[in-house]
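Biologist: I'd like to learn how to read a fold like this one. Can we go feature by feature?

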Amino acid sequence: MSARTLRITLIVLTLLGLAVASYVTYVHYAGIKPACTAGESCTKVQTSSYSELAGVPVALIGLIGYVVILASLLAPEGERARFATAALTVGGFAFSAYLTYREVYSIHAICEECVSSAVIMTIMMCLSVWRFLRGELTPVAPAGAAPAAPSAGAESAAPLGSAS
Amino acid sequence: MTPVESDEADLTRKERREQARAQRKAMEEAAAASAVRRTRLTQLGIVASVVVVAIVVVLIATGGGSKKSIPSTHERNSVVNEVSALVGGIPQKGNVLGSPTAPVSLQYFGDLECPICQKFTLGALPTVISKWVRTGKLRIEYRSLETATREPEVFKTQQVAALAAGKQNKMWNFVETFYHEQGEEDSGYVTEKYIQGIASQVTGLNLAQWTTDRGDPTLATQVTATDAQAASNAGFNGTPSFLIGRSGGTMSKLEYSNPEEPGFMNEAVEKLLKA
């Protein structure tokens, strides 16, 4: 997967997560019932005492998290930006894991929006960690030729990290 | 050595030097790449460690077990709105919800700490209330039967608190709020503070009067003698249990398989209305 495709995929996933988090945050503040196919379980989760952390709705924390991840993805491509995305998604994944634990073991109900966000965050973490570990893609020079100038999205590129 | 042989020998030496240089360069690049990878893995490891510590702190701060904590302000507001929407505007008198002239009567034997009663109260009861009670066809009497509550004294205290709200015709608001915010069974969550918290969420309840009424000995008698005897007479030993019949007539047991589905109650009410 080229660096450009990977970045776009991550941006699309972030926007999806952002949409879910925005909806749940709206539901929380509006005090309305969330769209749910599993009866009252979404309402049970989203009105439980675990829906807030130190008085801040977890939905809002998620929303802010997605916005910061999006900013790291829109920043100029580089080692630092890739590290920021990877670190943020690792944090997001751990937070999602904590919330899922609360749903299953403390609230005994599952919220579809929360599960969607957790799945999105898990995929994002895998992709962004892979993106960070493989680093900048450098093109392989054809045999006997001088090294070509780097070009974004070169499919023949070899990951720097895999050179060893 | 001819000039040609000398050139060939030079070329071979040159090639060897270049090969050695290329090999050295490749090894250096590989070592550099390996070092970069190690650095990245270390960075991610540090991030993961920090995140794990943060989550453990959050888990400890929010309670590691499954015991429910005190409801949030948002949760409480949501419950108050839900309960008001459910029973608001319906006549209440003591432990009875519904019109006094309703043709069908239901007695609901419950324990405020019983999780199955909660399932019934949050699952099937809202439909029954909106379909039959609000329309004046059914009246529901809430009666107590100790099952899930382990301590008889706690059972009496919470039930008397509900009946005291009934003296202001707000018992159903109290009972509904209690079930909405019910805690983990056997976790000892029902404390004086918890009961006060439930009462404070009952819209329009005069708390000073309610506190005085909690000391009324007739309410304690109703819990420990009247209701307990009625449940015993009916042969009930589990909650929720129901007696249903034409108002003023004979009451009979109402069996159910799924307390969350209102079907069994709808059928019984329809049958009695036709009788």
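Biologist: In the largest nonpolar core, which of the 53 residues touch the most other members?

Modeller: First, a caveat: this is a predicted model, so local features need pLDDT of at least 70 and side-chain atom pairs count only at pLDDT 80 or more, while totals for chains, interfaces and linings use all residues. Residues are numbered from 1 along each chain as its sequence is written, with chains lettered from A and ligands numbered from 1 in the order written. Now, a nonpolar core is a set of buried Ala, Val, Leu, Ile, Met, Phe, Trp, Tyr and Cys residues joined through C-beta atoms within 7 Å. Buried takes 20 or more other C-beta atoms within 10 Å, exposed 12 or fewer, and partly exposed is in between, with C-beta atoms placed from the backbone. Here the members touching the most others are Leu138(B), Ala162(B), Ala165(B), Met171(B), Phe174(B), Val175(B) and Ala199(B).

Biologist: What does Ala165(B) touch, not counting residues up to four places away in sequence?

Modeller: A contact is two backbone-placed C-beta atoms within 7 Å. For Ala165(B), the partners are Lys170(B), Met171(B), Asn173(B), Phe174(B), Ala199(B), Val202(B), Leu205(B) and Trp210(B). There's also a second, separate core of 31 residues, with Val20(A), Ile69(A), Phe93(A) and Met125(A) among them.

Biologist: How do the axes of helix 5 and helix 6 of chain B cross?

Modeller: Two packed helices are described by the angle and the distance between their axes. Helices (H or I, at least four residues) and strands (E, at least two) are DSSP runs numbered from the N terminus; axes are fitted to C-alpha atoms, for helices over the stretch in contact, with angles from 0 to 180 degrees between N-to-C directions. Helix 5 (residues 152-166) and helix 6 (residues 171-180) of chain B have axes that come within 6 Å and cross at roughly 145°. Ala162(B), Leu163(B), Ala165(B) and Gly166(B) of helix 5 meet Met171(B), Asn173(B), Phe174(B) and Val175(B) of helix 6.

Biologist: What covers the buried residues of helix 5 of chain B?

Modeller: The cover includes strand 4 (138-144), helix 6, helix 7 (192-200), helix 8 (207-213) and helix 9 (217-234) of chain B. Among the buried residues of helix 5 are Phe155(B), Gln158(B) and Gln159(B).

Biologist: And what sits in the loop between helix 5 and helix 6 of chain B?

Modeller: Asn169(B) is in that loop. Its phi is near 55°, a positive value in a residue other than glycine. Asn169(B) is partly exposed, with 17 other C-beta atoms within 10 Å.

Biologist: In what order do the six strands of the open sheet in chain B run?

Modeller: Strands pair if DSSP finds at least two bridges between them. The order is 1-2-4-3-5-6, and the pairing is mixed. Strand 1 (92-93) and strand 6 (252-253) of chain B are the edges, each pairing on one side only. Helix 9 of chain B packs on the sheet, touching strand 3 (104-110), strand 4, strand 5 (241-246) and strand 6, and its direction makes about 110° with that of strand 4. Strand 1 and strand 2 (residues 96-97) of chain B pair in the antiparallel sense over two bridges, with Lys93(B) opposite Val96(B).

Biologist: Which peptide bond is cis, with omega near 0°?

Modeller: The one from Thr239(B) to Pro240(B). Pro240(B) lies in the loop between helix 9 and strand 5 of chain B.

Biologist: Zooming out, how many helices and strands are in chain A?

Modeller: Five helices and four strands, in the pattern α-α-β-β-α-α-α-β-β along the sequence. Buried residues make up 37% of its 164 residues. Chain B has ten helices and six strands, and 33% of its 275 residues are buried.
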